[in-house]
Amino acid sequence: MDKVKIALQYIMPKHLVSRLVGKLAAAELGSITTTGIKWFIKQYKIDMSEAAQSEPEAYKTFNDFFTRSLKSGVRPLVQNQDYIVHPVDGAISQCGPINDGQIYQAKGHEYSSLALLGDQADDAKRFEDGDFATIYLAPKDYHRIHMPVKGTLSKMTYVPGELFSVNPLTAANVPGLFARNERVVAIFETEIGPIAMVLVGATIVASIETVWAGTVTPPTGKKVFTWDYPTDGPEALTLEKGAEMGRFKLGSTVVMLFAKDALDGFADGVVPKAVTRMGQAFAKIED
């Protein structure tokens, strides 16, 4: 059955299906929308007591529900300044060193940081011999993405690609998954060096947004596009630790890249399959 699920992903018109689902998720359908939200909450056992608006009727569209905000104080930031924080709610897929430009995906599968970053060689060079972490956001999770540390935006890259599912089954069976799916790469300058926040699209992910550019995709493109941003002066965009930097409409994955010697090891419990909660300790900063 697993082989069938993977085979179907290769032949399914993933972009078409994803855009159609996206239109439905953005539609204001009244009681139909509310019924769908109630089903989703029950199906995935979502704790709505954490949401700023806990009643399903409060959301006009499914996208509004899916990108719901949380109550103030629900995700407090770790107070120890020696640590950067988890950027999302989800689960660790993999984490570890970038070896010879290769990132570990699953047993038998690696992909290059160069490919992940849209073949931007200068960007990939900045993360040689650094570290990475891949975090999977399941449908039940909170889908806003936050800053692990204070950073100033220097570059954004849109990379076209496939829209395979990014669940653990697909990650274990589709070579180079995160470097072949559509994605948005944001690079920030921080006190620990450059950080790449890679927002990876997936099947039925209707949209990837950032707080500075709004919706980056859709529409989907056929070419790599890059935007450079000033890192000083009045037009520089600096986001504080824990500040929202983007969001997914429907679930996906975030891949983070760190420069060499930026981290002094991951925090206790940060291992594959571990649950993550935004704001908790993620990794210790190198002294």
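Predicted model: local features only at pLDDT ≥ 70, side-chain atom pairs only at ≥ 80, totals over all residues.
Hi everyone, let's start with D100, which counts as exposed because its relative accessibility is 74%. Here, exposed means over 50% relative accessible area, buried means under 20%, and partly exposed is in between, using a 1.4 Å probe and protein chains only. Residues are numbered from 1 along each chain as its sequence is written, and side-chain values use heavy atoms, with hydrogens and water left out.

Back to D100. Where does D100 lie? You'll find D100 in the loop that connects β2 (90–97) with β3 (102–106). Strands are DSSP runs of E, at least two residues long, numbered from the N terminus. Most residues other than glycine have a negative phi. D100 is not a glycine, and yet its phi is positive, at about 50 degrees.

K273 gives us another example: its phi is near 80 degrees, again positive in a residue other than glycine. This one sits in the loop between β16 (263–266) and β17 (275–276). Is K273 buried or exposed? With 75% relative accessibility, K273 counts as exposed.

Four strands form an open sheet in the order β6-β14-β10-β11, and the pairing is antiparallel. Two strands are called paired if DSSP finds at least two bridges between them. Which strands stand at the edges? They are β6 (144–146) and β11 (214–217); each has a single partner strand, so one side of each has no neighbour in the sheet.

Look at β10 (residues 207–210) and β14 (residues 244–249): four bridges join them in the antiparallel sense. I208 stands opposite F248 of β14. Strand β10 also holds E209, which is buried because its relative accessible area is 14%. Contact means heavy atoms within 4.5 Å. Not counting residues up to four places away in sequence, E209 touches several residues, among them M245, G246, R247 and K249.

Last topic: the record. UniProt, in an unreviewed entry, lists D89, H146 and S252 under "active site". Such positions are given in the numbering used here with shortened feature names, and the annotations may be inferred rather than shown by experiment.

Take D89, which is in the loop between β1 (83–85) and β2. Its relative accessibility is 2%, so D89 counts as buried. Leaving aside neighbours within four places in sequence, the contacts of D89 include R75, D141, Y142 and R277. What does the side chain of D89 do with the side chain of R75? The two make a polar contact at 2.7 Å. A polar contact is a pair of N or O atoms within 3.5 Å; within protein, one must be able to donate a hydrogen and the other to accept it, and residues adjacent in sequence count only if both atoms are side-chain atoms.

And S252? Look for S252 in the loop between β14 and β15 (253–258). S252 counts as buried because its relative accessibility is 0%. The unreviewed UniProt entry also gives S252 the annotation "modified residue: Pyruvic acid (Ser)".
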